[in-house]
Amino acid sequence: MGNSIEVKDLTLNFGSVSVLKNMNLDVQEGEFVVLLGPSGCGKSTLLNCLAGLLDITDGQIWIKGKNVTWSEPSERGIGMVFQSYALYPQMTVRGNLSFGLKNAKVPQPEIDKRIARAAEILQIQPLLDRKPAALSGGQRQRVAIGRALVRDVDVFLFDEPLSNLDAKLRSELRVEIKRLHNQLGNTMVYVTHDQIEALTLADRIAVMKGGVIQQLAGPQEIYNRPSNLFVAGFIGSPSMNFLPGKTVDGGKALVFGDQRIDLAGYDGGTVLERDQAILGVRPEHITVSASAPAGPSIPAVVEIDENLGADSLLWLKAGAKDICVRVPVEGRLPAGTKVHLGLDIAKASLFDTKTEQRI
Amino acid sequence: MADASMSGSLAMTGPRGAKPKRALNPRNIMLYGILLLVCLYYILPLWVMIMTSLKGMPEVRLGNIFAPPVEITFEPWVKAWATACTGLNCDGLSRGFWNSVIITVPSVILSIIIASVNGYALINWKFKGSEVFFTILIFGSFIPYQIMLYPIVILLREAGLYGTLWGLVLVHTIFGMPILTLLFRNYFSSIPEELFKAARVDGAGFWGIYFRIMLPMSLPIFVVALILQVTGIWNDFLFGVVYTKPDLYPMTVQLNNIVNSVQGVKEYNVNMAATLLTGMVPLVVYFVSGKLFVRGIAAGAVKG
């Protein structure tokens, strides 16, 4: 298993604006990598660079052991699926699927064979002779995926393919893309701003911000051990609770307001004594109880209670700080209730306030 | 059950269904009255022209310009087309008509081809300085033609094209470029960029994308360009009179010469017929493609 895609020192400037900064990324063969980040973080730009649709300023791009930095998009051995489907409106579905193959001068019997195979995999056989205008959103996106499929390439690039679909279709197609990946075993690079898509689909997630990859790791690792404050705040909904304070006693405890939180069992580096540190705890790693529990805890007052159906979110105030806790529906509490919040330090993250890095 | 049917029958006694509309309410009378007046105002000159052109000279002299002809004659039309005199030539408008055709057809085709490729390249294949190039091109459309008349005479003379139809074709093609390029560029910019990207991933090149992706989606804007150019070039007088010689005068110049030639009596009926004949081509183009025209204008206006 070698590297399918290698990005080496990739830099891209638009005029004086630096969009991608000295980026390195290796994607294993058959791996599903998701580029995740807020708008304008450069994730789609990176994908366009991989596809050859944007000329890069510096660096190299290798695909399947070939330096494709200066190659045309069609010569790179990639298939691409766009957010707006980008189907050719004047052609039938069959025409859309065969357009690239005809450009590549693939013989007609081979074209027919590949279209038949793609249509079977995506279950669009009955649609082959329709125009895109006569298809629903989900069907269009299937055809768009089919257009990448018939090219018989090793690398699939997805540019927010599900963003234009409604919630139900989105989750259906998400599962279908996962199934497709299991079935075909292609390398896939997938751009999205939806963390649910990222967490469910990815073998590895590259969280990006400001043209830089902040963390590249498996979904669980990213979720449990975010490498910095940005990743910690970006992944997870509702976001991680951040308790600012300072560490004392050689790093054995964090002082938050007038509360002392014992850091025993923290899963990370040596804490040391720091004037400023931030303890991050996810809403599901906090327990609510009427009396102070055995482990580290802080007192708080319930403000708002949001019922989500499956579970419930409690918004509380601990001193001046807002804190969100995910509780079972039966654990709902009326506003004004005074409680103690038990913190699961083993699953928490501690950040240095100045460097914003995880300790 | 009983309650439901009770309330149901009660509801049926009141108003139901579409609200009736009175055709002759004050608003409609005002609206259509004014529209009718405006229509009359615009149709009147055309009426006078058609009626006059169908009258003989004795009837024209009676002076009832609004009255329909007592005795319909097509002689003025025939004369305007075939035998009206301008200076020494006495073959009417027909010569000018064919000159205009020979000027208009290549000018329209050439300018549309070049401008559409320009617009396509400026949007989808941005090159270093493409914005500057576009700005300069657009700047050209703000300069009054009259300023450039004489310099172009010199340029054409140096190129050996002065006084030829091809010289005039060249001038029309160049002067159509700014507005047409703008038109095409804006239209192509409304075509999603991802479509262009998808085609590139599919291995289509510059011309492949232009002919197989862009052209089939751009019929409306081509119709708009066609109408703009046909009417613009057909109706042109200034370039025609400056850059050609009497043998090659386009129809508009020929018309002017017929109407303004002062020898003997002014034949109003022939003049009217000649004017109508000259205006026929743009009129036909408008009527044939009117629907596409409106759609294309709107389509081009959405973005850009």
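The model is predicted. The predictor assigns the complex an ipTM of 0.85 and a pTM of 0.81. Chain A carries eight helices and 20 strands, and its domain assignment gives two domains, 3-234 and 243-352.

**Chain A overall**

- The C-alpha trace of chain A spans about 75 × 45 × 40 Å along its principal axes.
- Chain A has 359 residues, and 42% of them count as buried.
- Take the contacts in chain A between residues at least 6 apart in sequence: 65% of these join residues at least 24 apart.

**Domains of chain A**

- Domain 1 of chain A covers 3-234, and domain 2 of chain A covers 243-352.
- The C-alpha centres of domain 1 of chain A and domain 2 of chain A are 39 Å apart.
- Where the domains meet, six residues of domain 1 of chain A are in contact with five residues of domain 2 of chain A.
- On the domain 1 side of this contact in chain A, three residues are nonpolar, two are polar and one is charged.

**A five-strand sheet in chain A**

- An open sheet in chain A runs in the order S15-S19-S16-S17-S18, with antiparallel pairing.
- Strand S15 (286-289) and S18 of chain A are the edge strands; each has a single partner strand, so one side of each lacks a neighbour in the sheet.
- From one strand to the next, the twist averages 45 degrees.
- In general, the strands of a sheet pair through backbone hydrogen bonds, either parallel or antiparallel.

**The S17-S18 hairpin of chain A**

- Strand S17 (residues 311-318) and strand S18 (residues 321-328) of chain A pair in the antiparallel sense, over eight bridges.
- The two strands, S17(A) and S18(A), form a hairpin with two residues between them.
- A:Gly319 sits in the turn and has a positive phi of about 65 degrees.
- Across the pair, A:Lys317 stands opposite A:Asp322 in S18(A).
- A:Leu316 stands opposite A:Ile323 in S18(A).

**Contact between chains A and B**

- Chain A brings 16 residues to the contact, and chain B brings 14 residues.
- On the side of chain A that touches chain B, strand S6 (78-81) and helix H2 (93-103) each supply at least two residues.
- H2(A) gives the most to this side, with three residues.
- By class, the chain A side of the contact has 11 nonpolar, five polar and no charged residues.

**B:Tyr150**

- B:Tyr150 lies in helix H7 (residues 145-159) of chain B.
- B:Tyr150 counts as exposed because it has 10 C-beta neighbours inside 10 Å, and the cut-off for exposed is 12 or fewer.
- B:Tyr150 and B:Tyr243 are 93 residues apart in sequence, yet their C-alpha atoms are 9.9 Å apart in space.

**Confidence in chain B**

- Chain B has a mean pLDDT of 85, and 90% of its residues reach 70 or more.
- Over residues 1-5 of chain B the pLDDT is below 50, and this stretch has zero contacts in the model beyond near neighbours in sequence.
- Over residues 299-304 of chain B the pLDDT also stays under 50, but here the model has 16 contacts beyond four places in sequence.
- Where pLDDT is low, the predicted coordinates should not be read in detail.

Definitions and conventions. Residues are numbered from 1 along each chain as its sequence is written. Chains are lettered from A and ligands numbered from 1 in the order in which they are written. This is a predicted model: local features need pLDDT of at least 70, side-chain atom pairs count only at pLDDT 80 or more; totals for chains, interfaces and linings use all residues. Domain bounds come from an automatic or database domain assignment. Two residues are in contact if their C-beta atoms, placed from the backbone, lie within 7 Å. Ala, Val, Leu, Ile, Met, Phe, Trp, Tyr, Cys and Pro count as nonpolar, Asp, Glu, Lys and Arg as charged, and the others, Gly among them, as polar. Helices (H or I, at least four residues) and strands (E, at least two) are DSSP runs, numbered from the N terminus. A residue is buried if 20 or more other C-beta atoms lie within 10 Å of its own, exposed if 12 or fewer, and partly exposed in between; C-beta atoms are placed from the backbone. Two strands pair if DSSP finds at least two bridges between them. Axes are lines fitted to C-alpha atoms, for helices over the stretch in contact, and angles run from 0 to 180 degrees between N-to-C directions. pLDDT is the predictor's confidence in each residue, from 0 to 100.
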